[in-house]
Amino acid sequence: MAENGLITNDRVKQAMLAVDRGHYCAQSPYQDAPQEIGWSATISAPHMHARAAESLLPFLHANARVLDIGSGSGYLTHVLANLVGDRGRIVGIDHVQGLVDLAKGNMSRSEAGRRLLETEKVQFVTGDGRRGWAEGAPYDAIHVGAAAKEMHQAIIDQLKAPGRCFIPIGSGEQYIYVIDKDEQGNISKNKLFGVRYVPLTDQKYYSSNYSYADTLH
Ligand code: SAH
């Protein structure tokens with residue numbers, strides 16, 4: 001990916017190299033493609049994780065607080081943990097308990113991952129990410145790994161000033177937005193590029209009428 005310009009930052013390259021994607025997805029982990037992880041969810045393609053990490057990087061300070069909404073496999077949560085210092089904290093939140101358990105299990109497959117969980121540098125919690133996760137707020141950086149219908153105010157409210165949120169928004173066409181909150185609390189939105197993410201939605205959507213064909217991006 002670095003050779004092909006899909007990773008441009010060396011810290012992000014090292015952070016991704018330090019995580020075996022094979023611990024986080026069962027099939028074709030080393031292809032640049034999303035993969036099914038069960039519960040109608042997918043692990044995003046590596047190039048999307050790289051874009052997200054590179055976008056949030058200026059806010060991933062040594063002591064940063066980070067929220068990964070729709071943490072799914074837990075892969076990006078692990079990469080984000082590698083980009084902050086020992087006193088940084090990452091919360092991964094997913095509304096499917098099975099995926100929260102999966103993420104913990106995936107992370108436990110390496111010694112480095114087990115240490116992240118034991119030290120609580122990484123915490124996986126179950127809940128509706130549209131409400132953010134108030135217990136850990138405010139956050140320097142928030143990543144949203146599922147497409148929101150709108151920019152949820154709770155997520156904006158839980159951003160630090162300054163802070164940055166990387167979020168796919170849209171129900172038909174979806175676009176990545178980078179939402180910045182400056183030191184004074186002013187919000188600016190930057191629309192980047194079109195994507196296909198699974199929706200940030202109610203849990204029942206996932207257990208019933210969801211098709212894998214819609215999950216690829
Ligand atoms: N970043 C993850 C993406 C997983 S797919 C990865 O690369 O592995 C999107 C995830 O969003 C799914 O795990 C799904 O369960 C979760 N999700 C969807 N709606 C949600 C909601 N309202 N609250 C929390 N998680 C949600």
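In the predicted model, a polar side-chain atom of Ser73 lies 2.7 Å from an oxygen atom of the ligand, a polar contact being a pair of N or O atoms within 3.5 Å. A polar side-chain atom of His49 is likewise placed 2.9 Å from an oxygen atom of the ligand, whereas Thr201 contributes a backbone N or O atom, which lies 2.9 Å from a nitrogen atom of the ligand. Of the 580 Å² of accessible area that the ligand has on its own, the protein covers 99%, with accessible areas taken from the Shrake-Rupley method with a 1.4 Å probe.

Because the model is predicted, local features are reported at pLDDT of at least 70 and side-chain atom pairs at pLDDT 80 or more, while totals for chains, interfaces and linings use all residues. Residues are numbered from 1 along each chain as its sequence is written, and side-chain values use heavy atoms, with hydrogens and water left out.

The shell around the ligand comprises 24 residues, the closest being Thr42, Ser73, Asp94, Asp128 and Gly129, where a residue is counted as near if one of its heavy atoms lies within 4 Å. By class, this shell has 9 nonpolar, 12 polar and 3 charged residues; Ala, Val, Leu, Ile, Met, Phe, Trp, Tyr, Cys and Pro count as nonpolar, Asp, Glu, Lys and Arg as charged, and the others, Gly among them, as polar. Strand S2 (residues 41-43) supplies the largest share of the shell, 3 residues, strands being DSSP runs (E) of at least two residues and helices (H or I) of at least four, numbered from the N terminus.

The structure holds 1 cavity of 30 Å³ or more, a cavity being a set of points, on a 1 Å grid over the protein atoms alone, where a 1.4 Å probe fits but cannot get out. The largest cavity, with a volume of about 310 Å³, is the space taken by the ligand, a molecule being assigned to a cavity if more than half of its atoms lie within 2 Å of its grid points. This cavity is lined by 30 residues, of which Gly70, Ser71, Gly72, Asp94 and Gly145 lie nearest its centre, lining residues having an atom within 4 Å of a point. Two or more lining residues come from each of S2, strand S3 (65-69), helix H3 (75-82) and strand S4 (89-94), with S2 giving the largest share, 3 residues. The lining has 13 nonpolar, 14 polar and 3 charged residues.

Backbone geometry was also examined. The peptide bond from Ala137 to Pro138 is cis, with omega near 0°, and Pro138 is placed in the loop between strand S5 (122-126) and strand S6 (139-144). A cis peptide bond also joins Ala161 and Pro162, with omega about 10°, Pro162 lying in strand S7 (residues 159-169). Ser28, although not a glycine, has a positive phi of about 40°, and is found in the loop between helix H1 (10-17) and strand S1 (35-38).

Key
Polar contact = N/O pair within 3.5 Å; in protein donor to acceptor, adjacent residues only side chain to side chain. 1 Å grid on protein atoms, 1.4 Å probe; cavity = no way out; pocket = protein on both sides within 12 Å on 5 of 7 lines; lining within 4 Å. Points joined across faces, edges and corners; volume = space filled by probe spheres on them.
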